[in-house]
Amino acid sequence: MRAGLIALTALAAALAATATATGTTARTAAPSASCVKASLTLVKPGTLTIGTDNPAYPPWYGGGTTKGSKWQLNDPSNGKGFEPAVAYAVASKLGFTKSEVNWVYVPFNNSFAPGKKKFDFDINQISYTAARAKVVTFSSSYYDVDQALVVLKGTPISHVRSLAGLRGFKLAAELGTTSYYDILGAIKPTKQPSVFDTDAAAVQALKNKQIDGLVVDLPTAFYISGAEVPNSTVSGQFPPPRGGEHFGMVFQKGNPLASCVDGALKTLKANGTLAKIKSTWLSKATGAPVLK
Amino acid sequence: MAVEGDRRPGPEVAGRRSKLLAGWGPGGDGRRSVAIALLSTIVFFAIVVFAVTHSPGWPEVRKTFFDWGEFRSSLPEIASAFKLNVKIFCIAEVFILIFALLIAVIRSLPGPVFFPLRALAIAYADFFRGVPTILVIAILGFGAPALQLKHVPTSTTFWGIVALVLIYTAYVSEVYRAGIESVHPSQEAAARSLGLSRAQTLRHVILPQAVRRVIPPLLNDFIGLQKDTALVGILGAVEAFKQSEIDTDATFNYTPYVTAALLFVALTIPLARFTDWLIARDRRRRQSGGVA
């Protein structure tokens, strides 16, 4: 399984590298040489500008926020939570100190808007898809993600253990996630699934029983069942789609910085840092039965 | 009293056109006007098209907003989701027209006895014209089902319709009221002197004239309602705009937004032309009739 994971990661890295290579030709010869901090082309020279959405939801972000901060729920610059930890580890590998990292608020919809980006990269649980990679450049995987189903305890849907059994229920996903396509693809539901703009709206609908089940990524599912909706449970996770699904950081199309980040991620994977960050922040996100 | 039977065309009727063709007089002068209009239109659009297509970001904008392939692939899904918009505004409009008329009649009730009813009607219209539509939809759509009352539907479509009916009834009641107040008091006096009761006067003399006069503004509000059905999407319902967001987020290409916009426009433009035609016809009638 470990070998498979490494192979997959290598494949993703290779894909990302070729994707960026088509955008720029100068850089391909010696990628490591151009990754010296001083030679990087950045939004703001000397600073690594990282984008994410606000509010930054747990468990991807943690540590809370300070009063008067523009960040709701969690301030990413505290370095706590999975994504800040990964971002700072990458930044450190590229030679940036903690104070040389600046976080900016980038709504998901703005992360792929045409025009000049205001971030060097955006880290916001964005799944890689081939279609998206035509518009932006993705880093290699920093998290291989599974989708899971959250339901209220004791409801009819909570006893369902198969994908086919879910067909007749009112399911929902969050906007911009690949979960919606997992519902359509894997379950082929008879009722039109709902799609919510925010985590808060989806959670409210689940509490209200306006939906029977909510499909989100596995760590978010465990966070919802553990902290947001007390009477809910993660009833199962979806079998991974062919080729797997992973989160990647988003770059301006063709930004050569992506290959530097890929290099940093490769090191972090090889020396076990990424696995350690994962076990620190996402340890609870395991153990849901796979829906067949 | 009413002018319904009196439809002799006046002398200037033949020359009257809708506003779009204003200034296109008949005769030889008309040909020159048409030529000037045509030329100025061509020059105007040529400048706009040139400015847009020669802007530095145009190639990217064309790819991300006007991608023919994306348009074709997103159209069937969005058109299918648009059926929900049509359903919502058709159902809502029926209730709006009825409830708004009731409110308007209540507001025009004379005498101190009806003061509480009048005050309520005024408070209602003031409140629901003042609150942003999206907030009413969000508060009702997520709030009402949270009460967990039995026999109260949790359907998002249901609460979306309720919210739109509440908002638009307030607007439309004002339109009706303007129509009622535009009927000259002598009409009521004449009707009463013929022995009609107050209710009969309202039903057979005031309202027929009032409603006919406000048909154009009623249609105007109907167009507004059609567009605002897109707001019901925040409750998770997959209507045309939500479907276009889903498609956009899947591909990071904004063309589906344009697809949805075209669908709305395809519906509202004929209605807007029809409204203009009604206004023109109404003006013709009044100018030829002379009374009322």
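Guide: Let's begin at one spot: A:Ala172 faces A:Leu214, which sits in β9(A), across the pairing. Keep in mind that this is a predicted model, where local features need pLDDT of at least 70, side-chain atom pairs count only at pLDDT 80 or more, and totals for chains, interfaces and linings use all residues. Residues are numbered from 1 along each chain as its sequence is written, while chains are lettered from A and ligands numbered from 1 in the order in which they are written.

Visitor: How do you know that β7 and β9 of chain A are paired?

Guide: Pairing takes at least two DSSP bridges between strands, and β7(A) (residues 171-174) has three to β9(A), so they qualify, running parallel. Strands here are DSSP runs of E with at least two residues, helices are runs of H or I with at least four, and both are numbered from the N terminus.

Visitor: What makes β6 a partner of β9 in chain A?

Guide: Five bridges connect β6(A) (residues 147-152) to β9(A), this time antiparallel.

Visitor: Why is β9 of chain A called largely enclosed?

Guide: A buried residue has 20 or more other C-beta atoms within 10 Å of its own (12 or fewer is exposed, in between is partly exposed, and C-beta atoms are placed from the backbone). Five of the five residues in β9(A), 213-217, are buried, so the rest of the structure largely encloses the strand. For the whole of chain A, 49% of the 292 residues count as buried.

Visitor: How do you know that both faces of β7 in chain A are covered?

Guide: A:Leu171 and A:Ala173 are on one side, A:Ala172 and A:Glu174 are on the other, and all are buried. As background, side chains in a regular strand alternate between the two faces of the sheet.

Visitor: What makes β8 and β10 of chain A edge strands?

Guide: The open sheet has five strands in the order β8-β7-β9-β6-β10 of chain A, with mixed pairing. β8 (194-196) and β10 (232-237) of chain A each have a single partner strand, so one side of each lacks a neighbour in the sheet. From one strand to the next, the twist averages 30°. β8(A) has three bridges to β7(A), running parallel, with A:Glu174 opposite A:Phe196.

Visitor: Why is the packing of α3(B) and α9(B) called oblique?

Guide: In chain B, helix α3 (residues 68-107) and helix α9 (residues 215-228) pack at about 140°, with axes 9 Å apart. Angles run from 0 to 180 degrees between N-to-C directions, using lines fitted to C-alpha atoms, for helices over the stretch in contact. Under 35 degrees is roughly parallel, over 145 roughly antiparallel, 65 to 115 roughly perpendicular and the rest oblique. That leaves α3(B) oblique to α9(B). B:Phe89, B:Ala92 and B:Glu93 of α3(B) make the contact with B:Phe222, B:Leu225 and B:Gln226 of α9(B).

Visitor: How many residues does each chain give to the contact?

Guide: Chain A gives 24 and chain B gives 21, where contact means C-beta atoms, placed from the backbone, within 7 Å. α5(A) gives the most to chain A's side, with four residues.

Visitor: How do you know what confidence chain A has?

Guide: pLDDT is the predictor's confidence in each residue, from 0 to 100. Chain A averages 86, and 88% of its residues reach 70 or more. Residues 1-31 of chain A are below 50.

Notes
Contact = placed C-beta atoms within 7 Å.
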